[in-house]
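Let's walk through this model together, from a single residue out to the whole chain. Please have your viewer open as you read.

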Amino acid sequence: MPLRRRRPHPFVCVPVLLCALLGPAPPAASSSSDSSDTGPSASADVARLYEEASAATARYVEGRRAARVQKKKVRKLDRLLVAKRRHMAVLHADLGRLASAHYRSGGGLPYTVQLLLAESPDAFMRGKQAMLQADLAVNSAVAKTRRAASGLAVAKRRADRAKRSLDRRNARLGDLKRGIERKLETARWTLQGEADRSVAAGRCRGAVRLTQQRTPVTRAWVTPVESYELSAGFDSAGERWAHRHTGQDFAVGIGAPVRSVGAGRVESVSCGGGFGIEVVVRHAGGYFTQYAHLAAVTVDQGDRVRTGQWVGQAGTTGNSTGPHLHFEVRLTPYLGSGVDPRKWLAERGVAL
């Protein structure tokens, strides 16, 4: 199925991944079975590093944008300075021509001799005055151009210094960004390892209460993840599934925050079977949404959730070929009652 890109995350680069459900999941373990397995550290680390990486990327992108603007300014000053220097060379040539003409017309002779050789005193004075005015005009133009060129040279030196300073700052920001991303990658797989162990043991770790930055949500419905690529769609067929695909997959990185698409109450939290760690939310109107293959959950069964509230962190638990979120909209809490999530969300003003 062709991909449609939507707001790729500035620091997550994942391949197109498909959900690999092999059929209905066996009975899942209750979320309350064990909440002390490994503790919330990996989930919290991933959430924190996501925020840090996002902020570092934003600063890095802004710095590169500023550097490009400064580079354009330096180039413009270069062009202006070259033009001024060419103009000054032309004016100097004009001065040379004036001096030569003045010499050929007798400018090198004493004034008395020039006056005797002139047709009349008036003609001599008119010629002398015209030559003087031209000489003054060219000298004035040379002086103005020299001052302008000097000012441009100063401005260019300042612009060059500013650009070098921005380049050094961007190099430091790039190092910081890459360092955070390396830490995030390590923390992601630590989180996934914890999730895999809990699923293998059939003991859900319980909710990890993460501090979510409160951003005002003015809509009743949102996408389940903010930054993603769409991969396998609803009702698509393939050798990875025993039956047709029952939801919509979102390719995201391990630990990416997964949020409730609308207000509701948590129907169930489980960690066994083909869906791995999953959350099901009941919404008004009798609909249910499912969030599967998670690496961690941030809610417990019975919790009320608001639109956009985190319900977990994406992962690759259960029958999954790689990190992604498997999202379903159902008429009941159970597998087999799904409807097309894209159409369902579109009817509520959310386009994927």
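Val208 counts as buried, at 7% relative accessibility, where buried means under 20% relative accessible area, exposed over 50% and partly exposed in between (1.4 Å probe, protein chains only). You will find Val208 in the loop between helix 3 and strand 2; helices (H or I, at least four residues) and strands (E, at least two) are DSSP runs, numbered from the N terminus. In sequence, Val208 and Ala42 are 166 residues apart, yet their C-alpha atoms lie 9.9 Å apart in space.

A word on what you are looking at: this is a predicted model, in which local features need pLDDT of at least 70, side-chain atom pairs count only at pLDDT 80 or more, and totals for chains, interfaces and linings use all residues. Residues are numbered from 1 along each chain as its sequence is written, and side-chain values use heavy atoms, with hydrogens and water left out.

Now move along to Gln212, which lies in the loop between helix 3 (121-201) and strand 2 (228-230). Is Gln212 buried or exposed? With a relative accessible area of 18%, Gln212 is buried. Leaving aside residues up to four places away in sequence, Gln212 touches Arg306, Gly308, Gln309 and Trp310, a contact being heavy atoms within 4.5 Å. Its side chain also reaches the backbone oxygen of Gly308 at 3.1 Å.

His324 sits in another loop, the one between strand 9 (310-314) and strand 10 (325-330). His324 is buried as well, with a relative accessible area of 0%. The side chains of His324 and Ser320 are joined by a polar contact of 3.4 Å; such a contact is a pair of N or O atoms within 3.5 Å, where, within protein, one must be able to donate a hydrogen and the other to accept it, and residues adjacent in sequence count only if both atoms are side-chain atoms.

Finally, step back to the whole chain. The protein chain has 4 helices and 11 strands, and 43% of its 352 residues count as buried. Among its contacts with a separation of 6 or more, 75% come from residues 24 or more positions apart. The accessible surface comes to about 18700 Å², with 55% of that belonging to carbon and sulfur atoms; these areas come from the Shrake-Rupley method with a 1.4 Å probe, and for residues, only the protein chains shown count as cover.
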